[in-house]
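Have the structure open beside you as you read.

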Amino acid sequence: MIKNISNLGDAALYCDFGKEISKEINTQVIRYFKTIQKKNIVGVNNLTPSYNKLIVSFDIKKINFNKLKKIIDNIEVINSDNIQNKKFEIPICCEKEFSLDIKRLEEKLKMKEEKIYENFFEKEFFCYMTGFIAGMPFLGDLDENLRAKRLDTPRVKVPKGSIGLTEQFANIYTFESPGGWNIIGNTPLNIFDSSKENEPNLINPGDLVTFKRITKENYQNYHG
Amino acid sequence: MDKNYFEILRAGINSTFQDLGRNNLYHIGIPFSGAMDNRNYLLANKLTGNDNNHPVIEFAYQGPHLKYHGNAINIAITGDVSFKIKKGDNLIDGECYRSFILENNDELDIISTNKSVYGYLAISGQFDLKFQWSSCSTNIQAKIGSNNGEKLSVNQKINIKEINQNLVSKKLNYINTKIENIRVMKGTNFDYFSEQGKKLFFGNEFKVSKLSDRMGMRLEGKKIENIVDTNIRSEGLIKGVIQVPADGNPIIMLSDHGTIGGYPKIGVVISADYDRLVQLTPGSSVKFQEVDLNSAETLFKLYDLETQNLISQI
């Protein structure tokens, strides 16, 4: 449940679900997100769910903070049974040319490359949110022993399709962008497609994701 | 003549198609985009007889130099812009906030914005554009919007599919006011900063950095000291949010911003001051003045009334 609603500037509600980060809390955030999305409240023009927050942006010409807060305070949340989670298996190639930071991670984590990958590929990830750049999924949770900080100096260009790790999360760069996550591989799969207006994102909040290692040959064949 | 188009002789620094932007896509990572300076965008459209959400060309610093081919058309430029219109051997000095008629082979040279960043070119017609999520707004980072998500480039053609035949000349007496004080509300992480840091933020002068674009405006000044944590859990951002990363220099999120961020939010620029904020050029000074929610709402009503009033004068 929402612990507190405050304002973020004069045109957004900042809904706080508490300090903890867990699938349960995030599922609550997603439920609120989907409920508000379905309600089509006049004036609401954007929703941003994240691990434990939900930001509701609105058109200040149509509604104001206090009126919208009252509506959100009294909203009846859709039951979890109505939310469908999809499952995906994402192919990634971890050849040298794609695993830009694996050596750095070996040092940071004091763990051998094989062990890092073994740990990573065993995991089923949960999509907490998408964003920063269009379609980028934030996937958790990595085991404690795989958690590393961001690069000291972020890259100016991270290649499209890169899989990055930081703290308890993995993400996928949906297109070339600046970024500071530790890159361990690359997927040939298109994760964001702006020509599909109804569903441009392959992976959405609440979805479950596993990764599958593929050879360079398979990677190249993907591009056909 | 059946085809009307602009030939681009010079593209300008950052010329893109913009309208009111796109809603309800933050959750997949797509920001509003849209014209940076909303008031000047609306005025340009009204001066050429268009409705509110009609695509225009937004330009920054140096605009495009265009040659027109086709039937007579009205154009209008808003902002604080120097431009010339060439009709044969005749060179006319352009004036903002009034319509001009362009005829076949006339040239429009948008030389520069004066002590401001953005200007707008509207036409009494319809650019032939592809829309994405019901908006033409070009977001060059995500490659979304018209012109394949790219800015305009030289030698390209801009096709116009419909022209309003009724060329009524329109004019407005208006001068953009400059402000050095931008009004700001406290952000959700205001208490992450030291007492001195808070005082610096509300009161000290900051300089707009060269590293500013449609995504964000970076500021330089005395370092704002963080006493809690220089990172927060990644969460949503909105336009106008002021983040302070570890280096202590504020960054303001603008219309093409990343939708999620992990730096503490010290403040949020009020909606009423956004248009004037985006017009601050690199090197200029800015000061933040604190206001509360009630004042921010009242100031927006005043700003909106003034905008509506200007529109009704055209």
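## Chain B as a whole

Of the 314 residues in chain B, 49% are buried. Please keep in mind that this is a predicted model. The secondary structure of chain B consists of four helices and 21 strands.

How does the radius of gyration of chain B agree with that of a compact globule? For 314 residues, a compact globule would have a radius of gyration near 20 Å, and chain B agrees because its own value is 20 Å. Along the principal axes, the C-alpha trace of chain B spans about 65 × 35 × 30 Å. If you look at contacts in chain B between residues at least 6 apart in sequence, 76% of them join residues at least 24 apart.

## A five-stranded sheet in chain B

Chain B has an open sheet of five strands, in the order E2-E3-E10-E5-E8, with antiparallel pairing. Strand E2 (16–18) and strand E8 (99–102) of chain B are at the edges. Each has a single partner strand, so one side of each is left without a neighbour in the sheet. From one strand to the next, the twist averages 35°.

As background, strands of a sheet pair through backbone hydrogen bonds, either parallel or antiparallel.

Helix H1 (residues 38–47) of chain B lies across E2, E3, strand E5 (73–78), E8 and strand E10 (118–123) of chain B. Against E10(B), the helix H1 of chain B runs at about 25°.

## Where chain A meets chain B

Which elements of chain A give two or more residues to the side that touches chain B? In total, 38 residues of chain A are in contact with 30 residues of chain B. The elements are strand E1 (4–7), strand E2 (12–16), strand E3 (44–49), strand E4 (53–58) and strand E6 (125–130) of chain A. E3(A) gives the largest share of this side, five residues. By class, the side of chain A that touches chain B has 19 nonpolar, 15 polar and four charged residues.

## A hairpin in chain A

Now turn to E1(A) and E2(A), which run antiparallel and are joined by four bridges. A:Ser6 has A:Tyr14 in E2(A) as its bridge partner. The hairpin of E1(A) and E2(A) has four residues between the strands, and A:Gly9 takes a positive phi near 70° in this hairpin.

Terms used: Residues are numbered from 1 along each chain as its sequence is written. Chains are lettered from A and ligands numbered from 1 in the order in which they are written. This is a predicted model: local features need pLDDT of at least 70, side-chain atom pairs count only at pLDDT 80 or more; totals for chains, interfaces and linings use all residues. Two residues are in contact if their C-beta atoms, placed from the backbone, lie within 7 Å. Ala, Val, Leu, Ile, Met, Phe, Trp, Tyr, Cys and Pro count as nonpolar, Asp, Glu, Lys and Arg as charged, and the others, Gly among them, as polar. The radius of gyration is taken over C-alpha atoms; the globule rule is 2.2 Å times the number of residues to the power 0.38. A residue is buried if 20 or more other C-beta atoms lie within 10 Å of its own, exposed if 12 or fewer, and partly exposed in between; C-beta atoms are placed from the backbone. Two strands pair if DSSP finds at least two bridges between them. Axes are lines fitted to C-alpha atoms, for helices over the stretch in contact, and angles run from 0 to 180 degrees between N-to-C directions.
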